[in-house]
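Here is a short note for a colleague who has not seen this structure before. Please read the points with the model open.

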Amino acid sequence: MTEKPLDGIRVVEMSHMVMGPSTGMFLGFLGAEVIKVEPPQGDKTRNLTGMGAGFFPTFNRGKKSVTLDVKDPADLARLHGLIATADVFVENFRDETLARMGLAPDQLRAACPSLIVASCKGFLKGPYEHRAAMDEVVQMMTGMAYMTGPTGRPLRIGSSANDIMGGLFTAYGVLAALIQRGKTGSGSAVRAGLFENCLLLVAQHMVQFDIEGTEAPPLPERVFSWPVYDLFPTSDGRQIFVGAATDGQWEKLCKGLGLEHLFDDPRLQNRPDQIAARDWTLPQVAAKIAARPFAEMVRIMEENDLLFAPVSRPAEMYDDPHVNRPGGLFTSQYADRKDFRAPSLPVQIDGAPVVSRSVDVPGIGQHNAEILGALEAAR
């Protein structure tokens, strides 16, 4: 679509790592002008390697970069002037650090009543609000890591999911505040907590305990709710996940694999009985799958509209036909580094992907002349 929902909205983002930058990216993909404020040497996240190498380019696409030294009084004044031109200020610094710079939400909104201040924090207000937090910390605290690994081996999930979802909730709060400002003319202070985000992700297990008085075991040891919901090897050495979660899927799986006798078995005529019989039905399912190559299993699963998935690595997504559909991946230029491909938001509006007009990653201070020059000219 030509016109974006947040066209005309200016966001000043002063954050690093993942949660804050993802907030800015989400708003930018919706059409906002996002100005990233970096120190003169650039955001330290730019120089991460290994599993952190994708942080900066992934979550800073489509932004403009200006450099300011907030320890310098003149640059701090420029930052205040820049924020005064904004609709939204996104930050992820400690509360006391912001207050010393005059950037706390109440300080900013006293000067700019219509400003929305979006704070990406480890915790919401409460006993832990001054603690430092990262994705792995809150996964350990909330039980997410306990639920992911086997007993005695808590394990963080394999992406920065909490940080990314924390940024999504911050952006969600910003959108609500923009709607509210349209009604009242007043801005808001939005605060999102990484801990509380992770807490919501484990809420289903908390509620199970509150209702039933029983604790869910870690997912590798879970009590199954379906007759088939497992990984199986194929004859050519690949793995495939196969699921039968409804009565109809159980019937289709049995018939598709040539296991009609299981479907007809009087001992397997309801789901509780099918689940209770997993110890002797699953080996039969596994044997049928092990006799077939992966491609044949995919054909059977697709023809019968069944739940299935290959076990893929993230790098293999670049070869996936659905990922490579029009609008599935966008190529970004990364300043003086290698171009890369990455997905947009997992949303379509009127059939079109939601992506900012530019998906390039700015160089350090690339937009100083444009943004800061305009500030000077307006004085």
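**Notes on the model**

1. Start with strand 1. R10, V12 and M14 point one way from the strand, V11 and E13 point the other way, and all are buried. Buried here means under 20% relative accessible area, exposed means over 50%, and partly exposed lies in between (1.4 Å probe, protein chains only). Strand 1 spans residues 10–14, and five of its five residues are buried. In a regular strand the side chains alternate between the two faces of the sheet.

2. A word on sources. This is a predicted model, where local features need pLDDT of at least 70 and side-chain atom pairs count only at pLDDT 80 or more, while totals for chains, interfaces and linings use all residues. Residues are numbered from 1 along each chain as its sequence is written, and side-chain values use heavy atoms, with hydrogens and water left out.

3. The whole protein. It has 16 helices and 13 strands. These are DSSP runs numbered from the N terminus: helices are H or I with at least four residues, strands are E with at least two. The C-alpha atoms fill a box of roughly 85 × 45 × 40 Å along the principal axes. Of the 379 residues, 42% are buried.

4. Six strands form an open, parallel sheet in the order 3-2-1-4-5-6. Strand 3 (64–67) and strand 6 are the edge strands, each pairing on one side only. The twist averages 20° from one strand to the next. Two strands pair if DSSP finds at least two bridges between them.

5. Bridges in the sheet. Strand 1 and strand 2 run parallel and are joined by four bridges. R10 has E33 in strand 2 as its bridge partner. Strand 2 (residues 33–38) also pairs with strand 3 in the parallel sense, over four bridges. There, V37 is partnered by V66 of strand 3.

6. A helix over the sheet. Helix 9 (residues 194–201) lies across strand 5 (116–121) and strand 6, at about 60° to strand 6. Axes are lines fitted to C-alpha atoms, for helices over the stretch in contact, and angles run from 0 to 180 degrees between N-to-C directions.

7. How do helix 6 and helix 8 cross? The axes of helix 6 (residues 135–142) and helix 8 come within 8 Å and cross at roughly 95°. The two helices are therefore roughly perpendicular to each other, a term that covers 65 to 115 degrees. D135, V138 and Q139 of helix 6 meet A161, N162 and D163 of helix 8. The residues of this contact divide into two nonpolar, two polar and two charged. Ala, Val, Leu, Ile, Met, Phe, Trp, Tyr, Cys and Pro count as nonpolar, Asp, Glu, Lys and Arg as charged, and the others, Gly among them, as polar.

8. G185 sits in the loop between helix 8 (161–184) and strand 6 (189–193). G185 is partly exposed, with a relative accessible area of 45%. G185 and P113 are 72 residues apart in sequence but 8.4 Å apart in space, C-alpha to C-alpha. Beyond its neighbours within four places in sequence, G185 is in contact with S114 and Q180. Contact means heavy atoms within 4.5 Å.

9. Is H367 buried or exposed? H367 is buried, because its relative accessible area is 13%. H367 lies in the loop between strand 13 (352–353) and helix 16 (368–378). Not counting residues up to four places away in sequence, H367 touches K63, K64, S65, V66, P362 and L372.

Conventions: Angles under 35 degrees count as roughly parallel, over 145 as roughly antiparallel, 65 to 115 as roughly perpendicular and the rest as oblique.
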